[in-house]
Amino acid sequence: MRGRMPEHRRTNPGRHVYFLGVVPLAKQTIHNDTLSPRLSDDVVRRHVPCNLCGSDAREPFCPENGLGLVQCQQCGLVYVSPRPDAKELYALYGETYFHNNESGVVGYSNYIKDEGNIRKTSNRRLTLLERFIQPGRLLDVGCAVGFFIDEAHKRGWQVEGLDVSSFAVEYARDHFGVDAQNGSLTELDYEPGAYDMVTMWDVIEHVPDPKAYIERAAQLLRPGGIVALATPDVDSLPARLTGKRWVGYKLSEEHIYYFSIKTLSQMLEAAGFEVVDVRHVGKYVTLRLFLDRLGMYAPWLAKLLELGERAFKLSEWALYINPFDIVAITARKK
Ligand SMILES: [Zn+2]
């Protein structure tokens, strides 16, 4: 889920291309419905209660972006409603989304090419997390091809991962010898109270029942254990300033929850966590990809920088880009 959409320019009509879960590359489309199946238009959509507080009171949220978002009038959580049921959504994310030949062969090859940047980003996040907890037993939810857990392993963590993509977990096992399982957090078997840390990078916005994921993380952690999540922040300054043009809305049609620091903190606290760190985080990206994103907001500046990029062959330079619209929250199980 997290960042599993590859850098490779693959998409189907109407879907924007993105990588690392946060940075759209270009609005190219290719016309091949077997690559990334979408929900059919006639799928049954029903209203769902707020996942945070259970209320059915809702009002449209940023309707001009056309994503069908609503905001809970009681707690402020932003989500998609009405929507297809969890089974349909899981079929979209969990099976056909990744379990097709193209995503394994074509897409991941480019995600894998970004390995260096993903490892740098992973180390930066681990350095922060190790301020709160010593290396111990780690479960990474949405582990993709395993770069994060492989880096954690090098730093002394005992690592396990899971991902809905069978291709990804096979890659992680084959290349890094890590313990990676194919499936979802709420379906796979894990030992309660046995983990020191659970990480979920760019996962929570995709799942039909994020509360169940957070409660499951609480169940698997020992008292004092740490959960760390990153997700687009719908209440961030970039989101508020850019309105319907916010890059967060362009990431994916599959994002069904848009958290804020407030709503995510509330969900964590309700599950028995104490929030210990909140910050907006970035990622290492190559200059080429940075320019693609910049081009969405300031085409003239992107063009100018492109000239420099070509002149000095800077495409593969890694930059740490923090757009201040992705929130990372670290919380401790009480
Ligand atoms: Zn609510």
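Here is a short tour, stop by stop.

Before you start, know that this is a predicted model: local features need pLDDT of at least 70, side-chain atom pairs count only at pLDDT 80 or more, and totals for chains, interfaces and linings use all residues. Residues are numbered from 1 along each chain as its sequence is written.

**Stop 1: colour by confidence.** pLDDT is the predictor's confidence in each residue, from 0 to 100. The protein chain has a mean of 82, and 79% of its residues reach 70 or more. Now select residues 1-36: pLDDT stays under 50 there.

**Stop 2: the core.** Select Val-198 and Val-227, the residues with the most contacts inside the largest nonpolar core, which has 71 residues. Such a core is a set of buried Ala, Val, Leu, Ile, Met, Phe, Trp, Tyr and Cys residues joined through C-beta atoms within 7 Å. Next, highlight strand β10 (residues 221-232), which gives the most to this core, with six residues. Strands are DSSP runs of E, at least two residues, and helices are runs of H or I, at least four, numbered from the N terminus.

**Stop 3: around Val-227.** What does Val-227 touch, not counting residues up to four places away in sequence? Show Val-198, Ala-217, Leu-221, Phe-273 and Ala-331. Contact means C-beta atoms, placed from the backbone, within 7 Å.

**Stop 4: Arg-216.** Find Arg-216 in helix α6 (residues 210-220). Arg-216 counts as buried because 21 other C-beta atoms lie within 10 Å; the cut-offs are 20 or more for buried, 12 or fewer for exposed, and partly exposed in between. Leaving aside neighbours within four places in sequence, Arg-216 is in contact with Leu-185 and Thr-186. Try the distance tool: the C-alpha atoms of Arg-216 and Leu-185 are separated by 7.4 Å, though the two are 31 residues apart along the chain.

Note on methods. Contact = placed C-beta atoms within 7 Å.
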